[in-house]
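Trainee: Could you take one part of this model and go through it closely, starting from a single position and then placing it in its surroundings?

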Amino acid sequence: MEKERMEVKINNKMQASVSIFWGYAAISIFMIGSGLEQAFLSKQLLDLGFLSNQSAIVFTIYGVSVALSAWLTAILSDLIGIKKLMIFGTVSWIIFQIGFIVFGILPGSYRMIIIMYGLRGISFPLFVYAFISLLTQITPTKKLPSAMGAFWFAYSLGLGVFGSYLPSLTIPKIGYVGTLWLAVLFVGIAGLISLIGLKNVPISVRQEVKQGTGETFKDSITILFRKPKIFLAAIVKMINQLAANGYVIAMPLFLTSHKIGFTMSEWLQIWGLMYLVNIAFNLIWGMVANHLPWHRVVEWFGCVGMALACVLFYYVPYLYGPNVIAMFGVAALFGAALAAFTPISAIFVALAPEETGAAMSIHNLAGGLSQFVGYGVTGVLLSLFDTAGFVWSMAGIYLIGAICAHFLTVKE
């Protein structure tokens, strides 16, 4: 009898491992589609005749949608189930992407671009952040840094590497609009993989909600005040992707300007290399965090490293011109430092092990706000200062993050 129970337990673990592998694959492919336009959309909007501040508004609205949806995802994962949420995220993303192209981009309607792109921002976290909720439910806390490192590896592989390099190949052949249509195919494939691949996830991962919906939403807000370290962790998580979201708008305009002289293809290759290094270091920092205090990795390698990388991203091309090799070095530093925030997800869980759902809802909200704040702050700073003022402001924000991370000690 005991032998049979052990065999069942081992079998369930093997099924879960295979399912999680397909889940990572689905995340990577989904992010190829979801991020395919990120590195060129600001340029495309300018080519359509819109102003740079109008482009920033489009990204800001998108960021608001992502933030709200990300916050709700951890709660909805418990209420309606992770698998259903991922399916809904896939279908709704495809619908709004088609609307974005047909009613926004093709006729050049600024209003429909904002509406459809904003609605598409709701769909993206329903797929991606639901999978994060699944990981936090089935992974022991001590192994979370490695599991989250693998998640961000898959995420960055899709968004950064393929999402940046692929447009450099497709734009010359099928143009901006054709590349946007290609994104629909990738997201559809990711949805099918998640539908089939996650069907063997053990039923135990679908947590029962033991309290009313109102209490669940309430806890996801009050935890910020009941556990001050969660508030600090939320600030750090929000700062995490700030430069990645802001630089994808500001740097193509700066680097491809007549003043610097990079081509759009060279910019896409630089940004793609950043993510290529980033995916490798997501795994590396996940392993390093198993041997060092989690908050120290985030504080020094993440926050301080990003402050340095932000400044170099401006001054290296400003001083040396369109030197691709030099920018590859800067992009590598940027990607490695960005990956050092990997342990922050595990820190959230460790800070509130008895309220994982509420803690992860704040984690997701902060991650979504990173896009909103990144896009919004970029628009404001670029309108107030030149590019130099923008990058120094970004560097200062990361140093504030280092101060916050210093106090995020946890029992690991």
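Mentor: A residue is called buried when its relative accessible area is under 20%, and exposed when that area is over 50%. The model is a predicted one, and every value below is computed from it. Let us take helix α5, which covers residues 110–138 and contains Gly 121. Gly 121 has a relative accessibility of 0%, so it counts as buried. Leaving aside residues up to four places away in sequence, Gly 121 touches Tyr 62, Ser 65, Val 66 and Ser 69. A further reference point is Gly 35, which is 86 residues from Gly 121 in sequence, while the two C-alpha atoms are 11 Å apart in space.

Thr 136 also lies in helix α5. With a relative accessibility of 11%, against a cut-off of 20%, Thr 136 is likewise classed as buried. Its contacts, again not counting residues up to four places away in sequence, are Leu 144, Val 349, Thr 356 and Met 360. For a sense of distance, Thr 136 and Met 116 are 20 residues apart in sequence, and their C-alpha atoms are 31 Å apart.

Asn 364 is placed in helix α14, residues 356–384, and at 0% relative accessibility it counts as buried. The residues that Asn 364 touches, with those up to four places away in sequence left out, are Ala 70, Trp 71, Thr 73, Ala 74, Tyr 129, Ile 132 and Ser 133. Gly 158 belongs to helix α6, residues 144–197, and its relative accessibility of 0% makes it buried as well. Under the exclusion of residues up to four places away, Gly 158 touches Ser 28, Met 31, Ile 32 and Gly 163. Gly 158 is 139 residues from Ser 19 in sequence, and the C-alpha atoms of the two are 19 Å apart.

Another position worth a look is Val 316, in helix α11, which is buried with a relative accessible area of 16%. Val 316 touches Gly 321, Ala 326, Met 327 and Val 330, with residues up to four places away not counted. Its C-alpha atom is 15 Å from that of Phe 390, a residue 74 places away in sequence.

Aromatic rings give a further view of this region. The search of the whole structure finds 29 aromatic pairs. In one of them, Phe 313 and Phe 334 have ring centres 5.3 Å apart and planes at 75°, so the pair is edge-to-face. Phe 313 lies in helix α11 (residues 294–320) and Phe 334 in helix α12 (residues 324–339), so their pairing ties together parts that are 21 residues apart in sequence. Phe 313 and Phe 334 are both buried. They also belong to a cluster linked by ring pairs, whose other members are Tyr 247, Trp 267, Trp 271, Tyr 275 and Phe 390.

Finally, the whole chain puts these positions in context. The chain has 15 helices and 0 strands, and 57% of its 412 residues are buried. Among contacts with a separation of 6 or more, 85% are between residues 24 or more positions apart. The radius of gyration is 21 Å, which agrees with the value near 22 Å that a compact globule of 412 residues would have; along its principal axes the C-alpha trace spans about 75 × 45 × 40 Å. The accessible surface comes to about 16600 Å², with 70% belonging to carbon and sulfur atoms. As for charge, the mean positions of the 23 positive and 15 negative charges are 3 Å apart.

Terms used:
Residues numbered from 1 in each chain as written. Predicted model: local features only at pLDDT ≥ 70, side-chain atom pairs only at ≥ 80, totals over all residues. Heavy atoms only, no water. Phe/Tyr/Trp six-rings, centres within 6.5 Å; stacked < 30°, edge-to-face > 60°. Helix = DSSP H or I, 4+ residues; strand = E, 2+ residues; numbered from the N terminus. Buried < 20%, exposed > 50% of the residue type's maximum accessible area, 1.4 Å probe, protein only. Rg over C-alpha atoms; globule rule 2.2 N^0.38 Å. Contact = heavy atoms within 4.5 Å. Areas by Shrake-Rupley, 256 points an atom, 1.4 Å probe, with all protein chains shown as cover. Lys, Arg positive; Asp, Glu negative; His and termini not counted. Charge placed at Lys NZ, Arg CZ, Asp CG, Glu CD.
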